[in-house]
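Here's a quick rundown of the fold for anyone about to set up calculations on it. Have a look at the model, then skim the notes below.

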Amino acid sequence: MAITKRAKHVVLFPFPGQGHLASFLAIARLLVRELPGAAVTLVSTPRNVAAMRSSLQAVEHSSSINFHALPFVPADHGLPAGCESTSSLPVPAFIKLFEAFETLEPAFDAYLSGLRGDDICVVADVFVAWTVCAARRRGCAHAVAVSCGALGTAIFHALWSHMPALPFTASDSDGGDGTLRLPELPPGMVLERSQLSPAFLFRGELSDRWTAFYHRTMRHGHRTDAVLANTVEELEPTGLAMMRRALANGKVKVPVWPIGPLVRGDDDSDNGGVLRWLDSQPPSSVLYISFGSQNTIQQKQMTELAAALEATGRPFVWAIRPPVGSDIAGEFRDEWLPEGFEARARSGNRGRLVRGWAPQVRILAHASTGAFLSHCGWNSVLESMAHGVPVIGWPLAAEQFYNATLLAEEWGVCVEVARGNLPSSRVERANVAEAVETVMGDTPESAEMRWRVAEVQEVMRAAWAEDGGSSRAAMHEFLRAMRLK
C-alpha cells in the first residue's frame, strides 16, 4: 500500500507593529520560494489580514500565500474602535494591545485544531509567543521570530529579566546620568541611563503590567523549538552569542537561526514627487531624515535640526511628523518649524519635507542619497545598509539605542548625534551640523565610513548567496529541524 506523504503547512502569526509585519511578510515570501508546494498562511485579526493581503498583492507568488482572520473586537479590551495595531496607539498604551492579543489563544487553538493531516509549524512573533501553548496541545512545531537585531534583543531580554527593580547604583537613584551593569552583558559593556526608554517603564509607571507581560513572554520563549533572528551571523557575533546563552538557561537549549536580512521591497508610489526631486540632485549629496512610522521628536529638537540643516547647506529630504505631545498621525503645522524654513528650502531647491509616509526604500536606493539621519529602528538599519547608506544615529526608544551602539562601535558605519525625545533630551544644532559633515564630507573619516558600509552591504548580500550563504544555510537547517524539508 502506498504511503501518503503528509502536506507541509507553515502558520505565520506576526504582531501588528509596522516593523513586525514587514518582517513576517518577508518571511512569507521566503517560505513560498524555499518550500514550493507547502502551504503558507498568515494569521491575525481582520484589519491586519486585510492590510497584509493588500501589501502582498503586487508581490510575485503572493497568490500562494493564504490568510486567516481571528475574531477581534477592540472595544472589548478598552481599545479605540478599529484599533488592531500599534499605529493607532501611543507607546504607553501598547500594553493594552499586547494583553488583548493574548485573549486570541482560544480562537487560534481552534484554528490549529482544524488543520488535519499536515505537518504544521507555527512561526510566531515574539510578542505572541503564547501561541506555543496551542501549538503544544495540537502537536505542532513552534518557532519564535524576532524582528529586531540580535544585540538589541539580547539586551532587552536582560533588562526585562531584572524588571521591575533594575540594579542601578545608589548614585544613580536621583535620576541623573549613570551606568547600569548587568551580568548578562559582555565584559566592558555598560548601559547608560539615557539608553533606557520609554522612561515610564523605568520609573515604575505601568511597570507591573509590562513586567508581567514580558515575564510571561520569556517563559513562553523558553518552550519554543527555535528562534529565528532577522540578522546575519557574520555581522552580530556578540548579540547572537548573548541570545544563545539566554536561551540555553532553560530545561532545553533553544537554537537560534539568523536568517536576515529581511528587507522590504521597493514601493512604486512617490509621495509629493520627492523621487523626481532626487533625480535633480548630485550623487550621494542628499541627507534623508526619518524617525520612523511611530516616532517623533520634541518641537525644540525640530528647531535645532532645522537650523543645523540650514547651516550645512546640504540638500535634504525630511519625512516629518507632528512633535511629541501632538497627534503624530495628524496634520503638520508650519509653526512647529522656524519661520520660512520650508519656503527657503524649496526656493533654493535645497530640501523637501514629506508629511507622513515616505517611500523610504526607494529614497535609500536612490543614487542621490548620501546619508540617513535615523532613529535606528532595525528595519531602517537593514534598509540603509542594504543600499550602502551610512547613518547619523538619533535613537529614541526601546532597542534603538543599542542598534546605534552596534552601528557606531562594531560596524563603524554611524555617528550618534543625539539620544531620546524627552523634554530633557539634549540636541544642539552645532553638533548635528558637525555630524552631518563628518558622515557626508570629503574627509578620510567619511571615506572610511563609506568603505565600511560597502563591506556590511556585501556581507548582507552574501548571506543569501546560493553557494554557502550563512542565512540561506540557517533557513534550510531550520526547515529540516521543523520537518518541513
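The protein exposes about 20,500 Å² (Shrake-Rupley method, 1.4 Å probe), and carbon and sulfur atoms supply 51% of that area. Keep in mind that this is a predicted model, where local features need pLDDT of at least 70, side-chain atom pairs count only at pLDDT 80 or more, and totals for chains, interfaces and linings use all residues. Residues are numbered from 1 along each chain as its sequence is written, and side-chain values use heavy atoms, leaving out hydrogens and water.

**Overall shape**
- With 485 residues, a compact globule would have a radius of gyration (over C-alpha atoms; 2.2 Å times the number of residues to the power 0.38) near 23 Å, and the protein agrees with its 23 Å.
- Along the principal axes, the C-alpha trace spans about 80 × 55 × 45 Å.
- You'll find 17 helices and 15 strands, taken as DSSP runs (H or I, at least four residues, for helices; E, at least two, for strands).

**Packing**
- Beyond its neighbours within four places in sequence, Phe108 is in contact (heavy atoms within 4.5 Å) with residues including Val11, Leu70 and Trp130.
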